[in-house]
Amino acid sequence: MSAITEITLPQLAESQVTATIDRWLKQPGDMIEVYEPICEINTDKVTAEIPSTVAGKLTKILVGAGEDVPVGTVICLIETEGEASNDEVASVSSTQTTGTMNTPVAAIQAQGDDSMRNRYSPAVQQLAAQHGIQLANVQGTGMGGRITRKDVLAYVAMEASMVRTPAPQQEATSSQVRTGGMHLSESPRLPKIEIDDPYSHGRGETYIDITPIRNTIARNMRQSVSEIPHAWTMIEVDVTNLVLLRNKYKDEFKKREGVNLTYLAFLLKAAVNAIRDFPIMNSVWAVDKIIVKRDINISLAVGTEDSVMTPVIKNADLKNVAGLAKEIEELARKTREGKLSLSDMQGGSFTINNTGSFGSILSYPIINYPQAAILTFESIVKKPVVINDMIAVRSMANLCLSLDHRILDGVICGRFLQRVKDNLESFNLESSIY
Amino acid sequence: MAKIDYIEAIRLAMKEEMERDENVFVLGEDVGLKGGVFTTTKGLHEQFGEQRVIDTPLSESAIAGVAIGAAMYGMKPIAEMQYSDFMFPATNQIISEAAKIRYRSNNDWSCPIVIRAPIGGGVFGGLYHSQCPESVFFGTPGLKIVAPYTPYDAKGLLKAAIRDEDPVLYFENKKSYRLVSGEVPDDDYIVPIGKANVLREGDDITVISYSLPLRFIEQAAAELAEEGISTHILDLRTIQPLDKEAILESVRRTGKVLIVHEDNKTGGVGAEVAAIIAEELLFELDAPIMRLCGPDVPAMPINPPGEKFFLLNADKVREAMKQLAQF
Amino acid sequence: MTVLSSTGQQAKHHQLGISEETVIAMYTKMLTARMFDERMMLMQRAGKINFHVSGIGQEVAQIAAAFALDRNNDYFLPYYRDYGFVLSVGMTLKDLFLSAFAKAEDPNSGGRQMPGHFGSKKLRIVTGSSPVTTQVPHAVGFALAAKMNKKEFVSFVTFGEGSSNQGDFHEGCNFAGVHKLPVILMCENNQYAISVPIHKQLAGKVSDRALGYGIHGERVDGNDAFEVYRVVKEARERAIAGDGATLIEAMMYRISPHSTSDNDLAYRSKEEVDYNKTLDGLPKFKQYMVDHGIWNEELEDQLRSEIKKQLDEASSYADKAPFPTPESVMDHVYANDSKGGVE
């Protein structure tokens, strides 16, 4: 009785993965004793003779001299007396399954198990809330019938293709997307509309769920209006030179810094310098005292599709125009991506809103409680004005200011606005933005 | 551009940096005349002489300590620990000294040292030639720790480490030396320390790992793609500091994450990655965070079935990835 | 003028080429170190500082060694009792008090490390830590750099006899021996490692170990300034000539307890301490100067009151100096990461 034993290429050194057969010391037909060398191999670390692990007759050479093969390749066959011996010794545990992972999943699902149907992961809950979905309606394809994130997203996509909102969609305007303020290229999307009452057709009503952010805005607005006695004033600013200055630098700035150089950056600089001269503008009413804040942290109104947020530029007086432009872009980006942190939102002492970016020429803003005032920068419009008793065409913009009349009066606000105006009008082609 | 082995990439990095800056030198056991027990420093002794490729006595603490002294003077030593299993006598010098020199001197002194050590098993090395000790040094502020997978990263990260002003532990995988090869540019480039790399984009599950296990992960991802499972693979490359942004972004994409490493599970780098994900992305997780790691035993045995039981392989990895995808 | 002793031999300082000005300078440093140390003990007991590790009884050897080195080029790795040494290579009393009070302006570590953990790149004092003996391989590393860059400087490192038993001592010595490096290792054998006396610490002489590492070894009386000076100077010349390292064992006695937290009478007798006080090198050096007509009591009083004034000024300055800002704790983990802590 005979059997064929395979001789495989052994691993002679750690990290060795291949070797070359240098030459065969035995030929087919030769009788081999156990541990007798049968060939020489070469790696870049060692050269060695390979001994046979069995006694018998060499029947076939499978890898020729000069060939480079991976460790473990069968290099020749030896016919032995008795049972074939394999290199692999049977291990105690028969299955080679993993040490640290558990059994396959297929068994559970096959039974039509629904045990995970009502286990909603945080991602699933967040997506459902965001899109206003009733999870009972969603098909679950995960383990145990679990509704997965993918399932929710698929449901949303399916719904979007079926339900049409009654409000007409506006065409995207051709103006470019601004970085400060709301986006003009899209009309704001209404939150998901739920038609709750099946008997209401003909009544002409629809209900919109209140999102948490809408709730917060509502609460803040109500508190501001009911507590703070608002007064309002405005001033006109000649920004012709500012327009020229910005046009001069905007392309180079975008190329160099990767960020848009907006009018808002210049306004911020002008306003912040004015606040430095009139620090009472940067204060808070505290019943028996007025707290004048030393750090000038500007809350910047940034609109998203369905809300407005006011992230804060800290210590805005320590930044130059270029620095402010970058910070504006950064905060707007974070707002759009929903990445604002708590510290981004805290500490504001004065709010500025670039209402002009969505076309307004006059606004009556509501103060960002508990600050003392809020300043808006309206749309820049070319107008005929009188200068030195002659008519000229100039770029004009309005600045509107709502103020807490407990802390501030007309005179101080008028002076403040005048200072902002002077600062803005002093920007010209010689000005530096760094 | 040429396709070279992982070990060649490491050798080239040292060669080129030593050509570029005469302050760079190598020291360690057998690195000179022999060219290293794995041949990693082969050729350097001939090119640069025994002054700059120093065969040291058998004393890891001195290898690290002398290198630290020379680094404080202003040189750029690359200290080799023959096996990471044997680097523990140098631990005091690494953790008490190198990591703290800049901090304790209030930025007066610094220690721009690189310590290279081979990690990982699969070479029938048994308990003391196969360990992955990254987690021992991980979490020590003041140290940087890298563990490249591809030859491109091996070369780029070693160059970056040599040029870095802070101490860097460079953990190279010994099984990868000749098993992993890849395209590496001929010209000078570095891979920045602290930046992870996306190896594959996907939308169903995210797998985060470092070093050789990525080879199995890439293999498994290709196989699972045929079953309709799309895998996003993130190669950490740098273990300390972790690229937090990249980790969060990769998990946000799918909501499901599997963290893989050969080092044992408890207290491994994966635990920290999992904690970061849990802290920041609670509401974006669609499944519990999963970890697939070496078992919690002192080290792998030399007998083949035991080593196989310990080590990761394409089957184990694929199984875990599939389970996660189906959750 | 050559001053002859009563036996007609040339005076020691002249034999060694030390001028009278230098002798006085050495003594000034010794007395400054001694009075500084005593003041620190008082301040700790008065609650003004938390902690002090005293070097009383060891100043003479440190200062003699410092003067034998090239204080403009060599690199120094002292250990935590070496106030005398660092004062001799450029550190000021103000620096030391700022360190003791852990103030932001402290040049050693910006108020981060305990006192006695010296460091100054400008003065070539390498930053030290608490785990003992780690500085020995570092010193060898500096010596290696000197050799590789063909620069003429040596590294000088000190440590106690307890520390000489750490692995790092042996690894460092061996490395230095194999590669013939220009490093001077001085063991300040003050007979105690906290409470462990020498017969429980060593079975042989530290200086004898040099033989095993192929380097020059020598034992010297640490209370004899000129002997220490001679031995260190020779060691430096040996190193610069390319003849390798030297291990010096300077025998002295730690007159103070290990630190202000140590009650030394728990492990040694008052008689022993008092006896060793009579061997103190500081009054002996003063006596040498008086014998050779270089010093007198009037000069002594003047110097003492000058030093006291300096101590008062320096300690008052440091007391009033600001602490580092709390936020600065986050600075300097890595290069270029300062967020505005006090530099």
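Helices α2(A) and α3(A) are roughly parallel to each other, a class that covers angles under 35 degrees, because they pack at an angle of about 15 degrees, with their axes 9 Å apart. The model is a predicted one, in which local features need pLDDT of at least 70, side-chain atom pairs count only at pLDDT 80 or more, and totals for chains, interfaces and linings use all residues. Residues are numbered from 1 along each chain as its sequence is written, while chains are lettered from A in the order in which they are written.

**Helix pair in chain A**
- Helix α2 spans residues 122-131 and helix α3 residues 149-162 of chain A, helices being DSSP runs of H or I with at least four residues, numbered from the N terminus.
- Residues of α2(A), among them Leu127(A) and His131(A), meet Arg149(A), Val152(A), Leu153(A) and Val156(A) in α3(A), where contact requires C-beta atoms, placed from the backbone, within 7 Å.

**Chain C against chain B**
- On chain C, 32 residues are in contact with 35 residues of chain B.
- The elements giving two or more residues to this side of chain C are α6 (135-148) and α7 (167-178), and α6(C) gives the most, with nine residues.

Note on methods: Two residues are in contact if their C-beta atoms, placed from the backbone, lie within 7 Å. Axes are lines fitted to C-alpha atoms, for helices over the stretch in contact, and angles run from 0 to 180 degrees between N-to-C directions. Angles under 35 degrees count as roughly parallel, over 145 as roughly antiparallel, 65 to 115 as roughly perpendicular and the rest as oblique.
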